[in-house]
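Here's a quick tour for anyone meeting this structure for the first time. Keep the 3D view open and follow along.

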Amino acid sequence: SGLADILGSDARILIVANRLPVTAKRNEENSWDLDVSPGGLVSALQGVTRVQMMWVGWPGVSVPDKKDQMLITDKLKEKRCIPVFLDEEVVDQYYSGYCNNILWPLFHYMGLPQDYKFKKAKDFKSQLEAYEKANQMFANTVDSIYEEGDIVWCHDYHLMMLPRFLKRIHSNMKVGWFLHTPFPSSELYRALPNRQDLLEAVLESDLIGFHTYDYARHFVSACTSLLGLESYLEGVEFNGRIVKIEAFPIGIDCSKFKQALELPGVKEKMDEFRRIFADRKVMLGVDRFDMIKGLLQKVLAFEKYLEENMDMKEKVVLLQIAVPTRSEVPEYQKLASQVHELVARVNGRFGTLRTTPIHHLDQSLDFQTLCALYAVTDVALVTSLRDGMNLVSYEYVACQELNKGVLILSEFAGAAQSLGAGAIVVNPWNVEEVAKSIKDALAMSADKREEWHKHNYKLVSAHSAQGWAEDYVCELHNTGRATKALLQT
Ligand code: G6P
C-alpha cells in the first residue's frame, strides 16, 4: 500500500485509545470472550486494514485477578491488542468521572459551567489525579512495547495527557493525538479549572487532528487566548516548534457493508423485517444511549409529527436502537428513565390494538442485523445535539443503494458538513422543524431520493476510514521535516 511505501514495510503504528476494539466478557465456563466494542472510533479504525497496527487500551472490565489478567492478555494478543488494566477505583474516577462526567459534557455543550461537576473541588481534584494516573499507565504500557521508529497515535479526550507522558520517556517519539468529539468554543472551554495544563499536555504531540475545521479552529483559539501562543496556517508555535493542527474528517469502510448485504443470512433478515413492518414506513434511529444523541428531542418531534398527522399513526413506526453505554454514570441512568417515560407516553397516546408507534430497544445489534435494518428502512433520523462526526449516517447511506432512503441529519453532527447537501438538515431543538422534516422525508419523490442518495453514496464511498487513517499517519510521519524549515524563515 501507499502507506507501507512511505513508512517502510515493517513500520508499526501503535493505536492508543481508552477502549480497545474488543471488550472482555466472562463467559459461563468462567473463561473469557471478546466482544466487539461500541462507538464510532472502533468502527472507523476497524476499517483500517492495510497497515500494521497494534492497539493499546482498556479491555472494558475491571480484572483484579492476576490469572484472569494473563488469560485476557493472551486472548487479546491474537487481536494485536495490549491491555491496560485499570482498577475499579481508577475507572470510577478517571473514566466515569473526569472523562465522562466532566470532559464529555463540556466538549458537547451539555449544560453550562454552573452545572459542571468541577464545582465540587474535592471530587474534581481526585478525578483529575486519577486521569493523570491513568494516562501515565497508558504511557507505561506503550513504552513496554515501543520500538524505535514506531508511530504512536493517541485517541480522544480520555488521553489528553498521554502525549506529554510519552515524550517524557522518549523525546523523539512520533506522537499524534486525534479528538473524536467536538472541541468546544474557547469561551466554554476556558471554564475548565485545569484548562492550560491540559492544552499544554496535548501540545507535546507532533500532529493534532480533528474531524472538522470548526473544532480545529476552536482549539487554536483556546491556545492563543489561554496560553498566548502564536498561530500560523499550519498550527501553533509551542516551545520553539510548530505543532500541526488539522482537520481530517473520518469515514467508514463502505465495502464491508456492501458485502454484508450480499450474504444470504442478511438477505433473509431483510425479508423478515420487510414482513414485520409490512404496510408501515420505518424511521430508523441507531445511537449509543447518550445525552448527546438528542433522543428526547427525537421522540418529542415524532410525537409532534403524529399529533399533526393522525392518519399516519398505524402507517409509520420509529424504530430506535439505543445501545447501552456508560450506565454507571448517574446522568446516563437519568436519561434512560426520561426517554423510557416519554416513549411510553407516545405509545400510550398513539398506539392502537394493532400497532405501537415507537419500537424502542435498549440493545446493541450484531453487525448483520444492523446492516439488514439499515437496508430496509425508509428514513434515518439523526438528532444529535452535538456529535464529533456521527458515522451512523454514513453507515445508513452505505446500505441504501436499493431503497434510497432519506437521511434527516442534525446540523450539530460533524457529518452535516459532508452529507448536508444530500440530507434534510435540522436543528434538533426545534421540535416543529424536525416533525415537518419527517413529513417531508416520507413524502419525498423517488427522483429526489435517488439524486440525494447518489450524492451521499459518492461521498461515503470515496472517503474511507482507510484513507482517513493513511492521510493522518502520513502527515504525522512527515511532521518535523517541513516545520523546522518554516520556523527558520
Ligand atoms: C465515542 C467516543 C469514543 C468512545 C465511544 C464509546 O465515540 O469518542 O472514544 O469509545 O464513544 O463510548 P465508551 O465510553 O463506551 O468507550
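Start with helix α6, which covers residues 162-169. Its buried residues are Leu162, Pro163, Arg164, Phe165 and Leu166. Keep in mind as you look that this is a predicted model.

So what do the buried residues of α6 pack against? There are helices among the partners, namely α5 (121-145) and α8 (195-202). There are strands too: β1 (13-19), β6 (151-155) and β7 (174-178).

## The whole chain

Now zoom out. The protein chain has 20 helices and 16 strands. A compact globule of 489 residues would have a radius of gyration near 23 Å, and the chain has 23 Å, so the two agree.

How much of the chain counts as buried? The figure is 47% of the 489 residues. As for contacts, take those with a separation of 6 or more: residues 24 or more positions apart account for 78% of them.

## Two helices side by side

Next, find helix α12 (residues 295-308) and helix α13 (residues 330-350). Their axes are 9 Å apart and the packing angle is about 10 degrees. Angles under 35 degrees count as roughly parallel, and α12 and α13 are therefore roughly parallel to each other.

On the α12 side, the residues that meet α13 are Leu295, Leu296, Val299, Phe302, Glu303 and Leu306. On the α13 side you'll find Gln338, Val339, Leu342, Val343, Val346 and Phe350. Sorted by class, this contact of α12 with α13 has 10 nonpolar residues, 1 polar and 1 charged.

For another arrangement, look at helix α10 (residues 254-262) and helix α14 (residues 367-376). Their axes come within 10 Å and cross at roughly 90 degrees. That falls in the range of 65 to 115 degrees, so α10 and α14 are roughly perpendicular to each other.

Phe257, Ala260 and Leu261 make the contact from α10, while α14 brings Phe367, Gln368, Cys371 and Ala375. By class, the contact of α10 with α14 has 6 nonpolar residues, 1 polar and no charged.

Val266 sits in helix α11 (residues 264-276). Is Val266 buried or exposed? It has 21 C-beta neighbours inside 10 Å, and because 20 or more is enough, Val266 counts as buried.

Which residues does Val266 touch, leaving aside its neighbours within four places in sequence? They are Ala260, Leu261, Gln368, Cys371 and Ala372.

## The six-stranded sheet

Finally, turn to the open sheet of 6 strands, which run in the order β13-β12-β11-β14-β15-β16 with parallel pairing. The edge strands are β13 (358-361) and β16 (424-426), and each of them pairs on one side only. From one strand to the next, the twist averages 20 degrees.

Strand β14 (residues 379-382) and strand β15 (residues 406-410) pair in the parallel sense over 4 bridges. Here Ala380 stands opposite Leu407 in β15.

Conventions
Residues numbered from 1 in each chain as written. Predicted model: local features only at pLDDT ≥ 70, side-chain atom pairs only at ≥ 80, totals over all residues. Axes fitted to C-alpha atoms, helices over the stretch in contact; angles between N-to-C directions. Parallel < 35°, antiparallel > 145°, perpendicular 65-115°, else oblique. Contact = placed C-beta atoms within 7 Å. Nonpolar A, V, L, I, M, F, W, Y, C, P; charged D, E, K, R; others polar. Buried ≥ 20, exposed ≤ 12 C-beta atoms within 10 Å, placed from the backbone. Rg over C-alpha atoms; globule rule 2.2 N^0.38 Å. Pairing = 2+ DSSP bridges.
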